[in-house]
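Hi,

Here is the structure I said I would pass on. Have a look at it first, then read my notes below.

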Amino acid sequence: MKFHTLGSSGTVVSNYALGTMTFGAEADEATSHSILDTYVGAGGNFIDTADVYTAGASESIIGRWLAQRPEARDAVVLASKGRFPTGTAPNDVGTSRRHLTRALDASLRRLGVEQIDLYQLHAWDPITPLEETLRFLNDAVSSGKIGHYGFSNFLGWQLTKAVHVAAAHGWNPPLTLQPQYSLLSREIELEIVPAALDAGVGLLPWSPLAGGWLSGKYQRDVAPAGATRLGENPQRGMEAWAERNANPHTWEVVGAVAQVAAAHGVSSSQVALAWLADRPAVTSVILGARTLTQLSQNLGAANLVLSDEDKKNLTLASELQVGVYPYGPKAQEQRSRKITGGR
């Protein structure tokens with residue numbers, strides 16, 4: 001493992017985090033505890049969860065793991081999230097002070113801790129005034145309930161606005177942003193990555209294998225089956241089978257990853273993860289696993305060093321297809337400047 005500071009703070013985290021969305025659903029408690037043990041044993045120290053993962057079961061499973069291993073609490077950096085619905089009433093969702101107060105207290109109880117090291121807003125809330133949300137987060141830092149805060153699924157302008165509103169009030173700044181990011185999902189490079197770099201915010205990519213597409217386990221025009229996410233649900237979320245299978249770009253990227261993997265004698269998953277961990281602004285890549293085998297294989301990415309040529313080939317193969325304006329090469333030239341002047 002390599003280590004980075006968490007955004008602009010002095011807190012240090014491993015460059016691969018453990019995502020726990022599978023806990024209590026695709027992984028039972030015993031398997032989940034084994035996954036946690038294996039991850040920490042490999043040198044990882046950053047565990048990410050959320051109050052809505054398996055309706056709170058993920059946090060509870062982690063809480064019982066921490067209770068059985070008191071030494072682990074000081075060793076790991078613990079992250080959770082709030083914002084999505086925890087009930088059916090109008091105030092059981094969002095980033096209002098009312099909802100976040102209850103959501104944070106419930107997460108602390110399930111995790112069995114006095115402080116969550118990184119508390120993240122799971123998504124933007126278009127209804128709650130941003131000042132209300134940021135004041136709550138600042139108060140939560142001041143009271144010791146959270147160490148730092150960050151966001152997930154924010155757009156570039158939303159992140160930038162939050163950074164400047166917090167600064168204007170003298171409140172603690174956000175440290176991280178958790179976006180979807182992979183060789184098959186690079187759209188954040190257009191606005192979100194520049195905003196994060198400008199603000200000194202660290203990125204914590206989720207779905208780094210694009211829902212399994214970058215693992216090499218799917219074949220073109222062969223519908224998935226069996227105990228895989230798409231085998232069990234071909235229309236699953238953003239990684240749905242039909243749409244990605246029909247896109248030639250998908251298979252160009254998958255093929256490029258497989259080629260680099262074969263050259264190194266490693267798995268496609270490890271190549272995709274190693275490429276992502278090396279991208280600008282990325283602090284820690286979130287690894288999700290439903291089995292110990294999956295986790296162990298993915299952890300192998302920590303020991304993989306891609307050559308400049310490898311990274312160049314992967315980056316070119318997965319290059320975003322954008323229009324002429326405002327993200328095309330000519331438009332980007334308009335925003336550039338030579339130090340020596342002239343065109």
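Let me start with Gly144: leaving aside neighbours within four places in sequence, Gly144 is in contact with Glu114 and Gln115, where contact means heavy atoms within 4.5 Å. Gly144 sits in the loop between α5 and β7 (146-152). Helices (H or I, at least four residues) and strands (E, at least two) are DSSP runs, numbered from the N terminus. At 25% relative accessibility, Gly144 counts as partly exposed; buried means under 20% relative accessible area, exposed over 50%, and partly exposed in between, with a 1.4 Å probe and protein chains only. Tyr53 is 91 residues from Gly144 along the chain, and their C-alpha atoms are separated by 24 Å.

Before you go further, some housekeeping. This is a predicted model, so local features need pLDDT of at least 70 and side-chain atom pairs count only at pLDDT 80 or more, while totals for chains, interfaces and linings use all residues. Residues are numbered from 1 along each chain as its sequence is written, and side-chain values use heavy atoms, with hydrogens and water left out.

Most residues other than glycine have a negative phi, and most peptide bonds are trans. Tyr325 and Pro326 are joined by a cis peptide bond, with omega about 10°. Pro326 is in the loop between α13 (308-317) and α14 (329-334). Thr54 is not a glycine, yet has a positive phi of about 50°. You will find Thr54 in the loop between β4 (46-48) and α2 (57-68), partly exposed with a relative accessible area of 28%. Ser207 also has a positive phi, near 55°. Ser207 belongs to the loop between β9 (202-203) and α8 (229-232) and is buried, at 17% relative accessibility.

What about the inside? The largest nonpolar core has 92 residues, of which Phe46, Leu134, Ile146, Phe151, Leu214 and Leu314 touch the most other members. A nonpolar core here is a set of buried Ala, Val, Leu, Ile, Met, Phe, Trp, Tyr and Cys residues joined through side-chain atoms within 4.5 Å. Beyond four places in sequence, Leu134 is in contact with Tyr149, Phe151, Ala162, Val165, Ala166 and Trp171.

Arg244, in helix α9 (residues 241-245), counts as buried because its relative accessibility is 12%. A polar atom of the Arg244 side chain lies 3.2 Å from the backbone oxygen of Ala210. Beyond its sequence neighbours within four places, Arg244 has contacts that include Gln180, Leu184, Trp213 and Trp251.

Ser269 lies in helix α11 (residues 268-277) and is buried, with a relative accessible area of 2%. Outside four places in sequence, Ser269 is in contact with Leu209, Leu214, Ser215, Gln297 and Asn298.

His122 is in the loop between β6 (116-121) and α5 (130-143) and is buried as well, at 7% relative accessibility. Not counting residues up to four places away, His122 touches, among others, Val52, Lys81, Phe84 and Asn153. His122 and Val52 are 70 residues apart in sequence and 9.7 Å apart C-alpha to C-alpha.

Finally, Val12 is in strand β2 (residues 12-14) and is partly exposed, at 38% relative accessibility. Val12 touches Phe3, His4, Thr5, Asn45 and Val77, leaving out residues up to four places away.

Cheers

Conventions:
A polar contact is a pair of N or O atoms within 3.5 Å; within protein, one must be able to donate a hydrogen and the other to accept it, and residues adjacent in sequence count only if both atoms are side-chain atoms.
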